[in-house]
Amino acid sequence: MRTFRIGGIHPPENKLSAGKKITALAVPKQVIIPLSQHIGAPAQAVVKKGDVVKVGTLLAKAGGFVSANIHSSVSGKVNKIDNVIDASGYRRPAVFIDVEGDEWEETIDRSEALVKECNLSQKEIIDKIAAAGVVGMGGATFPTQVKLMPPPGCKAEIVIVNAVECEPYLTADHSLMLEKGEQILVGVTILMKAAGVNRAVIGIENNKPDAIANMQKLAAQYPGVEVMPLKVKYPQGGEKQLIDAVIGKQVKSGALPISVGAIVQNVGTVYAIYEAVQKNKPLFERVVTVTGKSLKNPSNFLVRMGTPMSALIEAAGGMPEDTGKIIGGGPMMGKALVSAEVPVCKGSSGVLLLTKAESVRKPMHDCIRCAKCVSACPMGLNPAFLMKATVYQNWEMAEKENIQDCIECGSCSYTCPAYRPLLDNIRVGKAKVMGIIRARKK
Amino acid sequence: MNMENSLYISPSPHIHGGDSISRNMYGVLIALIPAFLVSLYFFGLGALIVTATSVVACVLFEYLIQKFLMKKEPTICDGSAALTGVLLAFNLPSNLPVWIILIGALAAIGIGKMSFGGLGNNIFNPALVGRVFLLISFPAQMTTWPVVDALNAFPMTYTDAETGATVLSLMNEGALTELPSYTDMLIGCKGGSLGEISAVALLLGFAFLLWKKIITWHIPVAVIVTVFVFTGIMHLVNPAAYASPVVHVLSGGLLLGAIFMATDYVTSPMTKNGMLIYGVGIGLLTSIIRLFGSYPEGMSFAILIMNALTPLINTYVKPNYFGGK
């Protein structure tokens with residue numbers, strides 16, 4: 001069985017909500033929809049206070065080439081446009097909507113029926129994806145249409161669907177594959193058409209045998225689509241790691257996946273593409289895992305964007321007494337949230353509640369140069385050295401040692417027996433070096 | 001208290017794998033148990049006294065230096081001082097007087113480790129600093145080893161044990177015909193420092209270290225293969241003057257050094273390629289000292305020299321970057 005070749009770790013999987021059916025969460029009384037739910041320029045609001053909106057109404061238009069449209073997830077009245085602390089921890093503009101009823105835009109096909117046929121051209125598909133505001137739903141939130149428009153001279157050969165879900169605890173993609181397999185496969189064929197390729201591989205880690213079996217059974221009817229079980233290893237969901245695992249090619253430093261002919265899309269994104277293209281449904285709801293060892297009822301919910309995390313936690317049995325940390329995403333790459341009132345957005349794959357005991361970091365010791373971080377790093381870097389370069393502010397050295405290639409997976413900090421905050425430091429150094437590289441290019 | 005104010009906020013990752021410095025140090029100590037048991041069997045009371053003295057002295061010196069000289073919270077519970085103590089003892093003859101062991105422990109912990117700032121900052125393997133300090137200061141006591149006398153080795157004064165030659169001293173004197181059998185060498189029925197005699201016990205420890213992922217195979221294998229190849233070539237050239245490579249691998253401190261001393265985290269390189277270069281370097285230096293030097297054994301010097309080169313190796317030998325470079 002295949003996996004990526006360099007580094008990697010095996011954190012406990014803790015998939016507490018695996019096998020739980022996706023249930024739709026009740027629409028809250030008010031939603032807070034941030035205008036920056038993606039990487040790139042914030043969207044520009046096209047509604048104002050007092051406007052009446054429906055489910056699926058455009059709230060904000062993409063603010064640049066790398067940007068995405070934002071739609072309303074509820075029907076009701078715009079209360080205000082104000083700053084709010086979002087899942088990234090920054091205070092940024094968001095549209096507050098008071099919910100009235102649940103009236104959808106007429107253009108959206110709300111039936112459950114599977115729509116297989118797609119006679120649109122490549123450009124029409126990409127335009128529809130862009131219009132629906134689809135972004136990478138694994139957490140990186142890169143606007144999907146941009147990935148489908150390769151720079152001149154590059155030709156895609158394969159679509160790789162990232163169904164690895166290597167983060168511990170998270171099961172949103174897993175549950176989607178069990179319940180929406182057929183829709184995902186139609187989405188893959190649409191994606192293949194949009195990318196102009198005739199081969200697609202769905203990479204799934206073999207800790208999800210039921211998802212592999214279901215997808216393999218369904219994929220038999222879709223020529224060119226292959227389901228590839230992968231050996232469990234974190235961070236296999238990293239774009240470069242997944243490409244290495246699936247086609248055995250390593251994307252060079254600073255290069256895009258398209259340089260080896262690959263276009264990678266998260267399985268949740270593929271489902272959103274199906275809904276956008278076949279059902280005219282903009283991206284305004286997603287599957288979110290709510291989980292944690294002390295949580296009464298870990299679940300997978302279908303949630304409207306802008307719903308506060310607290311509503312999800314409440315529906316999963318309420319906030320446990322001993323909660324010490326609320327994480328948006330998984331434990332390896334997720335972000336600690338400042339409060340449970342942060343709204344769900346396009347990149348929210350999960351809410352993880354850690355206990356107080358799990359939340360406290362141990363005090364660090366001097367580096368003993370055991371090199372376990374070097375063995376763990378999936379990018380082949382020397383994290384201990386990069387931390388040192390950052391501490392001494394030796395940016396030249398940090399760049400020479402490829403600090404800019406760090407994917408921030410956290411394998412180094414996870415592994416370190418001296419509890420050194422390797423990634424905390426490397427992140428600082430990486431931001432600095434990236435700035436230096438950008439300034440040099442100008 | 002308000003719930004919002006009681007949340008922890010920190011960057012990812014939010015979980016830790018549970019490894020710790022002490023887990024690794026105690027892991028190495030466990031891996032040394034078989035070799036210690038063999039030593040007790042063959043050297044009896046002497047092995048116990050020397051090891052106990054060395055461990056207690058190393059831990060005590062580390063505690064005193066951290067507490068009163070460096071004025072910081074002592075970290076003796078991490079197991080690293082105890083490990084230095086055991087490794088120092090394993091490199092000593094089992095009839096060494098207590099006062100010499102104390103000097104060795106002070107050199108190991110004081111000079112070898114704490115003078116650089118403690119664990120993680122030392123350049124040289126502390127146990128070897130202690131051993132070489134004693135070897136140069138007390139050459140007579142450090143090079144007379146008691147003969148093995150299974151289960152009969154409990155004289156009241158262990159320092160009066162009968163002494164005899166080791167495999168390496170026999171080889172150095174050209175007495176190749178008087179070497180012990182391979183079986184004796186594997187089990188440990190031969191003269192030598194107290195922890196180095198049994199190849200089987202040391203290899204058992206190696207397997208444990210690999211199983212627990214405390215070390216990787218690179219350094220020990222590089223050292224052993226290099227010594228085997230180098231002494232093998234010399235043996236082929238002149239079998240009368242140079243012993244077989246199997247004897248070289250099984251004798252002296254080679255296995256103890258390759259598995260337990262050269263792999264010291266702090267003083268060995270961090271990349272896989274660096275580890276291989278470092279291991280080959282130790283193997284070459286050891287072979288050269290053994291075959292052409294005046295000392296019968298070269299493992300300690302070889303490791304210390306390569307310790308000194310480790311920062312250089314770390315600077316020039318880089319990991320294999322993803323996507324190549």
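**Ground rules.** I call a residue buried if 20 or more other C-beta atoms lie within 10 Å of its own, exposed if 12 or fewer, and partly exposed in between, with C-beta atoms placed from the backbone. This is a predicted model, where local features need pLDDT of at least 70, side-chain atom pairs count only at pLDDT 80 or more, and totals for chains, interfaces and linings use all residues. Residues are numbered from 1 along each chain as its sequence is written, with chains lettered from A and ligands numbered from 1 in the order in which they are written.

**Chain B, overall.** I started with burial: 52% of the 325 residues of chain B count as buried. For secondary structure I use DSSP runs numbered from the N terminus, helices being H or I of at least four residues and strands E of at least two. On that basis I get 15 helices and two strands in chain B. Next I checked the radius of gyration, taken over C-alpha atoms, against the globule rule of 2.2 Å times the number of residues to the power 0.38. A compact globule of 325 residues would come out near 20 Å, and chain B has 21 Å, which agrees. Along the principal axes, the C-alpha atoms of chain B fill a box of roughly 80 × 55 × 30 Å. For contacts I require C-beta atoms, placed from the backbone, within 7 Å. Of the contacts in chain B between residues at least 6 apart in sequence, 73% join residues at least 24 apart.

I take the expected span of a helix as 1.5 Å times one less than its number of residues. Helix 3 (residues 45–69) of chain B has 25 residues and reaches 35 Å from first C-alpha to last, close to the expected 36 Å.

Helix 15 (residues 299–316) of chain B has 18 residues and should span 26 Å; I find its end C-alpha atoms 25 Å apart, which agrees. Where does helix 15 of chain B bend? The bend, the angle between axes fitted to the seven residues ending at a position and the seven starting there, is about 40 degrees at B:Leu309, and B:Pro311 follows within four residues. The buried residues of helix 15 of chain B include B:Ile303, B:Met306, B:Asn307 and B:Thr310. A reminder to myself: an α-helix has 3.6 residues a turn, so residues three or four places apart point the same way. The cover over the buried residues of helix 15 of chain B includes helix 6 (126–137), helix 13 (254–261) and helix 14 (272–292) of chain B.

**Chain A, overall.** I count 14 helices and 17 strands in chain A. With 442 residues, a compact globule would be near 22 Å in radius of gyration; chain A has 21 Å, which agrees. The box for the C-alpha atoms of chain A is roughly 65 × 50 × 50 Å along the principal axes. Buried residues make up 57% of chain A.

**Strands in chain A.** I count strands as paired if DSSP finds at least two bridges between them. Strand 9 (residues 158–162) and strand 12 of chain A run parallel, joined by five bridges, with A:Ile160 opposite A:Val264. How many residues of strand 12 (residues 262–266) of chain A are buried? Five of its five are: A:Ala262, A:Val264 and A:Asn266 on one side, A:Ile263 and A:Gln265 on the other.

I also found an open antiparallel sheet of three strands in chain A, order 3-5-6. Strand 3 (44–45) and strand 6 (70–71) of chain A are at the edges with a single partner strand each, so one side of each lacks a neighbour in the sheet.

**A buried glycine.** A:Gly237 sits in the loop between strand 11 (225–230) and helix 6 (239–247) of chain A. I find A:Gly237 buried, with 26 other C-beta atoms within 10 Å. Beyond its neighbours within four places in sequence, the contacts of A:Gly237 include A:Gly138, A:Asn162 and A:Cys166.

**Where the chains touch.** The contact takes 49 residues from chain A and 31 residues from chain B. On chain A's side, strand 15 (323–328) gives the largest share, four residues.

Key. Contact = placed C-beta atoms within 7 Å.
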